[in-house]
Amino acid sequence: MTQHFDRLETRSIDAREAALAAELPRQIAAAQRLSGYGDRLTGVDAASVTTVAALSRLPVLRKSDLMQAQRGQPPLGGLTTLPVSGFAHVFQSPGPIYEPGGASHDWWRMGRFLHACGIGKGDIVQNCFSYHLTPAGMIFENGARAVGAAVLPAGTGQTDLQARAAHDLAVTAYAGTPDYLKVILDRAEELNLPLQITRAAVGGGALFPSLRAEYADRGITCLQCYATADLGNIAYESTAMEGMIADEGVIIEIVRPGTGDPVAPGEVGEVVVTTLNPDYPLIRFATGDLSAVLPGVSPCGRTNLRIKGWMGRADQTTKIKGMFVRPEQVADFVRQHAEVSRARVIARRQNETDIMIVRIESDGEDGARYLSTVMQTLKLKAEIEIVPKGSLPNDGLVIEDQRVYD
């Protein structure tokens with residue numbers, strides 16, 4: 001198997017930016033023609049949106065916006081360029097929210113990840129992602145077809161049958177959640193059924209280093225991807241295992257939670273993704289996940305942007321003194337003070353009462369000057385703590401709940 005899926009993976013920065021300058025305006029223009037975007041992109045000159053910097057000035061689309069659009073224009077919210085009948089599949093995720101799916105070559109862009117795992121022609125993939133309503137099973141099946149592998153559509157559960165099938169069919173690769181492979185391997189050992197699985201493509205859960213090491217000890221190379229039902233594959237590991245490489249069909253931004261404002265390189269923030277899929281042009285879709293950009297390029301030779309992988313959830317909305325405090329309120333406070341670089345709300349309990357602390361990175365020393373703006377934006381009284389710039393942890397948190405619930 002060749003090292004790379006296609007030439008796109010090893011493009012120079014200039015070549016990738018030139019391609020983006022051609023593709024992005026078309027995608028923005030396509031989105032503008034969709035009724036589901038309403039006036040969200042009104043007044044935007046699509047032809048001028050040729051860089052990530054220009055893209056970052058457009059509004060963010062959140063899951064709640066998607067759900068609202070689907071309720072107003074069922075079933076797909078007027079956000080697709082094809083009618084429902086024009087897709088191969090339609091899926092339902094909790095909410096409910098509906099996602100379209102295609103059966104054309106690598107529609108979900110999962111083939112790139114499976115190729116990075118070393119999966120291709122001659123392999124049999126035991127696909128243990130669910131095929132029921134949600135799209136994960138079909139996402140990985142579509143990727144397996146793209147790399148020429150055969151698929152055992154195993155789905156979830158029935159571990160004894162899974163172990164027997166893996167043995168009888170001489171399955172060589174696994175696709176599923178990180179921990180279920182161990183369940184199958186352990187059960188196969190108990191049933192004295194030797195298996196030939198040597199590669200695993202996982203997602204949908206945390207791959208702990210100890211579990212990856214156990215698979216390695218059993219002769220299995222296990223790599224993970226970052227994908228969602230709405231976007232398909234976003235980023236993936238290669239055998240270099242240094243962060244996750246952005247898929248060639250998406251644009252990844254890292255923004256301050258609650259806003260669409262890009263953070264400094266290396267700072268933890270919310271993952272916002274624009275997909276170049278012409279059937280479903282999601283523009284600046286906020287995933288609700290936290291990550292950070294890694295510097296440089298992967299040792300494997302792939303040259304696209306790298307992120308650290310999943311680092312938690314960006315939605316940190318917290319109720320303090322009976323009032324909800326949201327990340328966007330904290331961002332609004334920061335925007336009103338040019339000398340403030342970052343701020344963090346901390347919720348604590350003291351004498352059985354909630355207290356709110358607003359920790360502010362600022363060159364100033366007078367915390368009292370911020371009291372009125374805090375009250376205006378956060379709607380609660382707070383204690384103010386001034387800290388030096390750069391001293392707040394780089395963990396993506398803007399609201400930290402330190403209360404202990406026994």
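I began at Gly-148, which follows helix α5 and has a positive phi, near 85 degrees; helices here are DSSP runs of H or I with at least four residues, strands are runs of E with at least two, and both are numbered from the N terminus. The model I am reading is predicted, so I note that local features need pLDDT of at least 70, side-chain atom pairs count only at pLDDT 80 or more, and totals for chains, interfaces and linings use all residues. Residues are numbered from 1 along each chain as its sequence is written, and side-chain values use heavy atoms, with hydrogens and water left out.

**Helix α5**

I looked up how well α5 (residues 136-146) is covered, and found that nine of its 11 residues are buried, where buried means under 20% relative accessible area, exposed means over 50%, and partly exposed lies in between, with a 1.4 Å probe and protein chains only. Among the buried residues of α5 are Met-138, Ile-139, Phe-140 and Glu-141.

**The cores**

Next I turned to the nonpolar cores, each a set of buried Ala, Val, Leu, Ile, Met, Phe, Trp, Tyr and Cys residues joined through side-chain atoms within 4.5 Å. The largest has 37 residues, and Ile-28, Tyr-37, Leu-55, Leu-66, Ile-252 and Leu-282 are those with the most contacts inside it. At least two of its residues come from each of several elements, including α1 (13-32), α3 (63-72) and β10 (250-255). Apart from this core lies another, of 27 residues, and I noted Met-138, Ile-139, Ala-175 and Ile-245 among them.

Which residues is Ile-252 in contact with, leaving aside its neighbours within four places in sequence? I found Ile-234, Ala-235, Ala-246, Val-271, Val-272, Val-273, Leu-305 and Ile-307, with contact meaning heavy atoms within 4.5 Å.

**His-167**

His-167 lies in helix α6 (residues 159-168) and is partly exposed, with a relative accessible area of 27%. Leaving aside neighbours within four places in sequence, I found His-167 in contact with Leu-193, Pro-194 and Leu-195. The C-alpha atoms of His-167 and Asn-192 are separated by 9.8 Å, although the two residues are 25 residues apart along the chain.

**Helices α7 and α8**

I then followed α7 (residues 180-190) and α8 (residues 209-217), which pack at an angle of about 40 degrees with their axes 11 Å apart; axes are lines fitted to C-alpha atoms, for helices over the stretch in contact, and angles run from 0 to 180 degrees between N-to-C directions. Leu-181, Lys-182 and Leu-185 of α7 meet Leu-211, Glu-214 and Tyr-215 of α8.

**The open sheet**

My last stop was an open sheet of four strands, in the order β19-β18-β17-β20 and with mixed pairing; two strands pair if DSSP finds at least two bridges between them. Because β19 (383-387) and β20 (399-401) stand at the edges with a single partner strand each, one side of each is left without a neighbour in the sheet. Strand β18 (residues 353-362) pairs with β19 in the parallel sense over five bridges, and I saw that Glu-361 stands opposite Val-387 in β19.

In α9 (residues 327-335) I found Asp-332, which is partly exposed with a relative accessible area of 30%.
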